[in-house]
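Visitor: Hello! Could you walk me through this structure, one question at a time?

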Amino acid sequence: QVQLVESGGGLVQPGGSLRLSCAASGSIFRIGAMGWYRQAPGKGRDRVATITSSSSTYYANSVKGRFTISRDNAKNTVYLQMNSLKPEDTAVYYCNANIVTSATMSQYNFWGQGTQVIVSS
């Protein structure tokens with residue numbers, strides 16, 4: 001009924017930029033906080049950036065000054081603008097959101113399937 005679909009990943013050279021998008025669809029009443037997490041090969045899943053419904057943001061120290069999270073509530077979409085990319089940014093990036101569904105009027109936490117970002121020459 002509700003799903004998150006990421007897009008915008010791909011292969012980019014060090015110093016380059018990518019913009020990730022994550023659109024929520026389905027039986028949605030309201031979306032709360034949204035965020036981006038990433039998992040490098042052989043590593044755990046780390047929080048990259050989050051944004052609340054009132055647009056308060058959090059960034060991991062490793063991406064501060066380089067990444068920007070934003071949201072478009074009318075489109076049920078969260079974005080991650082990634083600039084000055086480094087090889088260590090290589091990971092699968094996952095979208096996350098707290099969503100109150102219309103069917104239950106209860107909040108659930110949802111994950112997208114992930115999009116691959118590879119930063120390499």
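Visitor: Is Ser84 buried, partly exposed or exposed?

Guide: Happy to start there, with one caution: this is a predicted model, where local features need pLDDT of at least 70, side-chain atom pairs count only at pLDDT 80 or more, and totals for chains, interfaces and linings use all residues. Residues are numbered from 1 along each chain as its sequence is written, and side-chain values use heavy atoms, with hydrogens and water left out. Buried means under 20% relative accessible area, exposed means over 50%, and partly exposed is in between (1.4 Å probe, protein chains only). Ser84 has a relative accessible area of 40%, so Ser84 is partly exposed.

Visitor: Where is Ser84 found, and what is its phi?

Guide: Strands here are DSSP runs (E, at least two residues), while helices are runs of H or I with at least four residues, all numbered from the N terminus. Ser84 is found in the loop between strand 8 and strand 9. Most residues other than glycine have a negative phi. Ser84 is not a glycine, yet its phi is positive, at about 50°.

Visitor: What is the phi of Asn76?

Guide: Asn76 lies in the loop between strand 7 and strand 8. With a relative accessible area of 26%, this residue counts as partly exposed. Asn76 is not a glycine either, and its phi is positive, at about 55°.

Visitor: Which strands form the open sheet, and in what order?

Guide: Strands of a sheet pair through backbone hydrogen bonds, either parallel or antiparallel. Two strands count as paired if DSSP finds at least two bridges between them. In this open sheet of four strands the pairing is antiparallel, and the order is 1-3-8-7.

Visitor: Which residue in strand 9 is the bridge partner of Tyr37?

Guide: Strand 4 (residues 28-39) and strand 9 run antiparallel, with nine bridges joining them. Across this pairing, the bridge partner of Tyr37 is Tyr94.

Visitor: How many residues lie between strand 9 and strand 10 in their hairpin?

Guide: These two strands pair in the antiparallel sense over five bridges, and Ala97 has Phe110 as its bridge partner. In the turn of the hairpin, Met105 has a positive phi of about 55°. The number of residues between strand 9 and strand 10 is five.

Visitor: Why is strand 9 described as largely enclosed by the rest of the structure?

Guide: Strand 9 covers residues 91-101, which is 11 residues. It is largely enclosed because the number of its residues that are buried is nine.

Visitor: What is the radius of gyration of the protein chain?

Guide: The radius of gyration is taken over C-alpha atoms, and the globule rule is 2.2 Å times the number of residues to the power 0.38. For 121 residues, a compact globule would have a value near 14 Å. The protein chain agrees with that, because its radius of gyration is 14 Å.
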